[in-house]
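Please walk me through this protein model. I would like a brisk report on its charged pairs, its core and its strands.

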Amino acid sequence: MATLGKRLLACVNYPRTIFVFLCLLTSKQKHLIIKDIARWNQINGNTFGLFESLNWYLTYYKEFRNLLIHRFKHPRRSIIHYLITRLLWKPMESLYIYTKDIGGGLYIQHGFATIISAEKIGENCRIYQQVTIGYKGEHSPILEDNVSVTCGAKVLGGITMGKNSLAAAGAVVLKDVPPNAIVGGVPAKVIAFKDENNLDFQG
């Protein structure tokens with residue numbers, strides 16, 4: 001939950017956030033960004049409205065800035081992209097997002113030294129720090145809905161991580177992962193399956 005002091009400090013940034021908020025309202029990615037914010041609120045226990053949530057995450061979470069900037073990317077919006085990234089809200093320099101097709105509700109935990117270059121990412125996925133999701137040869141992975149890739153894990157090549165699956169810390173995932181599975185090790189193997197009553201387990 002947000003402390004009063006942090007909320008007051010965030011208010012100072014309202015003028016910077018107004019421009020971004022207007023961009024959000026007119027963006028074709030609006031529905032996805034709203035899902036992102038709702039997911040971040042759920043995980044962080046915040047109950048802010050849309051504008052205040054946007055301002056809060058821009059102020060205190062550089063990972064969110066990267067995600068939002070990625071949502072806004074479009075050749076026709078290059079000026080907007082420049083204004084946000086250079087003048088208003090600088091992104092985290094060690095977090096790289098190259099995936100074009102990302103469902104709503106992506107949550108990036110810390111995000112330091114992370115590369116996200118999947119073919120497709122479903123809804124409500126969660127990615128931690130020092131993660132690499134990328135190519136092996138000419139192919140990159142697909143992450144279905146509610147997938148978690150935890151700290152230091154690598155997910156490589158033309159594989160699919162099924163719904164609700166999780167890559168444990170330090171895992172190197174080179175083969176398809178079945179739904180609800182937890183995989184770990186180098187190379188990664190199935191080490192457990194999630195309880196159907198606790199599919200949100202993050203490990």
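The report below starts with the ground rules and then moves from the salt bridges to the core and the sheets.

This is a predicted model, in which local features need pLDDT of at least 70, side-chain atom pairs count only at pLDDT 80 or more, and totals for chains, interfaces and linings use all residues. Residues are numbered from 1 along each chain as its sequence is written, and side-chain values use heavy atoms, with hydrogens and water left out.

## Salt bridges

Side chains of opposite charge can pair when their charged atoms come close. Here a salt bridge means a side-chain nitrogen of Lys or Arg within 4 Å of a carboxyl oxygen of Asp or Glu. By this rule the model has 2 salt bridges. The table lists both.

| Salt bridge | Closest N to O |
|---|---|
| Aspartate 36 and arginine 71 | 2.9 Å |

Helices (H or I, at least four residues) and strands (E, at least two) are DSSP runs, numbered from the N terminus.

Which is it for aspartate 36 and arginine 71, buried or exposed? Both are buried. The cut-offs are under 20% relative accessible area for buried, over 50% for exposed, and partly exposed in between (1.4 Å probe, protein chains only). Lysine 35 is partly exposed, with a relative accessible area of 37%. Glutamate 123 is also partly exposed, at 32%.

## Arginine 71

Arginine 71 has a relative accessibility of 6%, and therefore counts as buried. Its side chain also makes polar contacts (a pair of N or O atoms within 3.5 Å; within protein, one must be able to donate a hydrogen and the other to accept it, and residues adjacent in sequence count only if both atoms are side-chain atoms). The side chain of arginine 71 reaches the backbone oxygen of isoleucine 102 at 2.7 Å. It reaches the backbone oxygen of glycine 103 at 2.9 Å.

Contact means heavy atoms within 4.5 Å. Neighbours within four places in sequence aside, arginine 71 is in contact with residues including Gln29, Leu32, Ile33 and Gly105.

## Helix α3

Helix α3 has 15 residues, and its end C-alpha atoms are 21 Å apart. The expected span is 1.5 Å times one less than the number of residues. For α3 that gives 21 Å, which agrees.

Buried residues of α3 include Leu32, Ile33, Asp36, Ile37 and Trp40. An α-helix has 3.6 residues a turn, so residues three or four places apart point the same way. The cover over the buried residues of α3 includes α2 (14–26), α4 (50–60), α5 and β2 (107–108). Glycine 45 follows α3, with a positive phi near 70 degrees.

## Core

A nonpolar core is a set of buried Ala, Val, Leu, Ile, Met, Phe, Trp, Tyr and Cys residues joined through side-chain atoms within 4.5 Å. The largest one has 49 residues. Val20, Leu54, Val149 and Val173 have the most contacts inside it. The largest share of this core, 5 residues, comes from α5.

Asparagine 55 lies in helix α4. It is buried, with a relative accessible area of 1%. Leaving aside neighbours within four places in sequence, asparagine 55 is in contact with Ala10, Cys11, Asn13, Tyr14 and Thr17.

## Strands

Two strands pair if DSSP finds at least two bridges between them. An open sheet of 5 strands runs in the order β1-β3-β6-β9-β12, with parallel pairing. Its edge strands are β1 and β12 (172–173), each pairing on one side only. Strand β9 (residues 154–156) pairs with β12 over 2 bridges, in the parallel sense. Valine 155 stands opposite valine 173 in β12. Valine 173 is also in contact with residues such as Ile159, Ala167, Val183 and Ala188.

β13 and β14 pair in the antiparallel sense over 4 bridges. In β14, alanine 192 is the bridge partner of isoleucine 182. The hairpin of β13 and β14 has 4 residues between the strands, and glycine 185 there takes a positive phi near 100 degrees. How many of the 5 residues of β14 are buried? The count is 0, and this strand (residues 189–193) is hardly covered.
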